Amino acid sequence: LQPAWGLSQRLPRMIGANRAKEVSFVGAPLGAETACQWGLVNRVVKAEELMSVATKTAERIAAFRPEMVQAFKRVLNDGMALALGEARTMERARAFAHYRAMPASDFDKMRKFIAAGKKGSSAAIKPQTVSKL
């Protein structure tokens, strides 16, 4: 079976070439804990906790401006297609373009958001604070 759906290119970037070869050549099921350790999944939760954890994660993401989540997703995805140096240049250019177009009032909100994070742990930054930006 010759891969043609992108797995041979994506998997090594996610888990490293040697692990990708092992998974591909052996063809054996991969356990949830191993998948988590290798970075194929973000976390492993008990079945009865799945919806609660997924809902909380979705709520945290939804607390941010949709256009910012979309822009961040684009920069992550687009950057993965580039060499690291090129990706950093692209990230910087997009960020500067965004900041140049940003109203001064948003800068004040951003400064308050950053200051709130410096006062405590990152857990101290509540999604509701972010949604007001």
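This is a predicted model: local features need pLDDT of at least 70, side-chain atom pairs count only at pLDDT 80 or more; totals for chains, interfaces and linings use all residues.
Visitor: What share of the residues in the protein is buried?
Guide: A residue counts as buried when its relative accessible area is under 20%. The protein has 133 residues, and the buried ones make up 12%.

Visitor: How is α5 oriented relative to α6?
Guide: Two packed helices are described by the angle between their axes and the distance between the axes. Helix α5, residues 66–80, and helix α6, residues 84–101, have axes 9 Å apart and pack at an angle of about 160°. Because angles over 145 degrees count as such, α5 is, relative to α6, roughly antiparallel.

Visitor: Which residues of α6 does α5 meet?
Guide: The crossing in which α5 passes α6 is right-handed. By class, their contact has four nonpolar, two polar and four charged residues. From the side of α5 come M68, R74, V75, D78 and G79, and in α6 they meet A87, M90, E91, R94 and H98.

Visitor: How are α1 and α2 oriented to each other?
Guide: Helix α1 covers residues 7–15 and helix α2 covers residues 17–26, and their axes come within 7 Å and cross at roughly 130°. Angles from 65 to 115 degrees count as roughly perpendicular and those over 145 as roughly antiparallel, so α1 and α2 are oblique.

Visitor: How many nonpolar residues has the contact of α1 with α2?
Guide: The contact is made by L11, P12 and I15 of α1, together with A17, R19, A20, V23 and S24 of α2. Sorted by class, this contact of α1 with α2 has one charged residue, one polar residue and, as the number asked for, six nonpolar.

Key
Residues are numbered from 1 along each chain as its sequence is written. Side-chain values use heavy atoms; hydrogens and water are left out. Axes are lines fitted to C-alpha atoms, for helices over the stretch in contact, and angles run from 0 to 180 degrees between N-to-C directions. Helices (H or I, at least four residues) and strands (E, at least two) are DSSP runs, numbered from the N terminus. Angles under 35 degrees count as roughly parallel, over 145 as roughly antiparallel, 65 to 115 as roughly perpendicular and the rest as oblique. A crossing is left-handed if the near helix is turned anticlockwise from the far one by less than a right angle, and right-handed if clockwise. Contact means heavy atoms within 4.5 Å. Ala, Val, Leu, Ile, Met, Phe, Trp, Tyr, Cys and Pro count as nonpolar, Asp, Glu, Lys and Arg as charged, and the others, Gly among them, as polar. Buried means under 20% relative accessible area, exposed over 50%, partly exposed in between (1.4 Å probe, protein chains only).
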